[in-house]
Amino acid sequence: NNIYSIKEVKRAVVEQNGQLIIIRPGEKNPKFPLITDGQLQTDILQVIGEDEKWLLKEMKKQGLKAYSDVFLGEYVDGKLNLTAYW
């Protein structure tokens, strides 16, 4: 268990499973679970500063049309990595 003062936190995100991700200034951003088991995590979309229009465009580039086609969609270092069900 780590205890941080608010001044030491660059960003904090609570994942759907209740896990808390804390990013400190100077740390590399972690993988953000944007789509999990076919479900969009809208709070993560807000955290990364994008909207659904952007996400659907990026999905289309990778040959996917619906969130339900995506087992896992992670946003890592400014890129969307998708793992499809098929």
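This is a predicted model: local features need pLDDT of at least 70, side-chain atom pairs count only at pLDDT 80 or more; totals for chains, interfaces and linings use all residues.

Biologist: Okay. How many helices and strands does the chain have?

Modeller: There are 2 helices and 6 strands. Going along the sequence, the order is β-β-β-β-α-α-β-β.

Biologist: And what box do the C-alpha atoms fill?

Modeller: Roughly 40 × 20 × 15 Å, along the principal axes. The accessible surface is about 6,100 Å², and carbon and sulfur atoms account for 49% of that.

Biologist: What share of the residues is buried?

Modeller: 31% of the 86 residues. On the contact side, take the pairs at least 6 apart in sequence: 30% of those contacts join residues at least 24 apart.

Biologist: Let's go inside. Which residues have the most contacts in the largest nonpolar core?

Modeller: Leu34, Ile35, Trp54, Leu55 and Met59, in a core of 19 residues. Elements giving two or more residues to that core are strand 2 (20-23), strand 3 (32-36), helix 1 (42-47), helix 2, strand 5 (70-76) and strand 6 (79-84).

Biologist: Pick Leu34, then. What is it in contact with, leaving aside neighbours within four places in sequence?

Modeller: Quite a list. Leu34 is in contact with Gln39, Leu40, Gln41, Ile44, Leu45 and Ile48, among others. The list also includes Trp54 and Leu55, plus Gly73, Glu74 and Leu80.

Biologist: What about Leu82, is that one buried or exposed?

Modeller: Leu82 counts as buried, because its relative accessibility is 16% and the cut-off for buried is under 20%. Leu82 lies in strand 6. Beyond four places in sequence, its contacts are Ile35, Met59, Gln62, Leu64, Val70, Leu72 and Gly73.

Biologist: Switching to charges. How many salt bridges are there?

Modeller: The count comes to 1. It joins the side chains of Lys61 and Glu58, at 3.1 Å from N to O. Both residues lie in helix 2 (residues 52-61), 3 residues apart, about one turn of the helix.

Biologist: Backbone next. Which residues have a positive phi without being glycine?

Modeller: Asp37 is one, with phi of about 50 degrees, and Asp77 is another, with phi near 50 degrees.

Biologist: Where do they sit?

Modeller: In loops. Asp37 is between strand 3 and strand 4 (39-40), while Asp77 is between strand 5 and strand 6. Asp77 is partly exposed, with a relative accessible area of 46%.

Biologist: Last one: where is Ser68, and what does it touch?

Modeller: Ser68 is in the loop between helix 2 and strand 5. Not counting residues up to four places away, Ser68 touches Gly38 and Tyr85. From Ser68 to Ile44 the C-alpha distance is 17 Å, and the two are 24 residues apart in sequence.

Methods. Residues are numbered from 1 along each chain as its sequence is written. Side-chain values use heavy atoms; hydrogens and water are left out. Helices (H or I, at least four residues) and strands (E, at least two) are DSSP runs, numbered from the N terminus. Buried means under 20% relative accessible area, exposed over 50%, partly exposed in between (1.4 Å probe, protein chains only). Contact means heavy atoms within 4.5 Å. Accessible areas come from the Shrake-Rupley method with a 1.4 Å probe; for residues, only the protein chains shown count as cover. A salt bridge is a side-chain nitrogen of Lys or Arg within 4 Å of a carboxyl oxygen of Asp or Glu. A nonpolar core is a set of buried Ala, Val, Leu, Ile, Met, Phe, Trp, Tyr and Cys residues joined through side-chain atoms within 4.5 Å.
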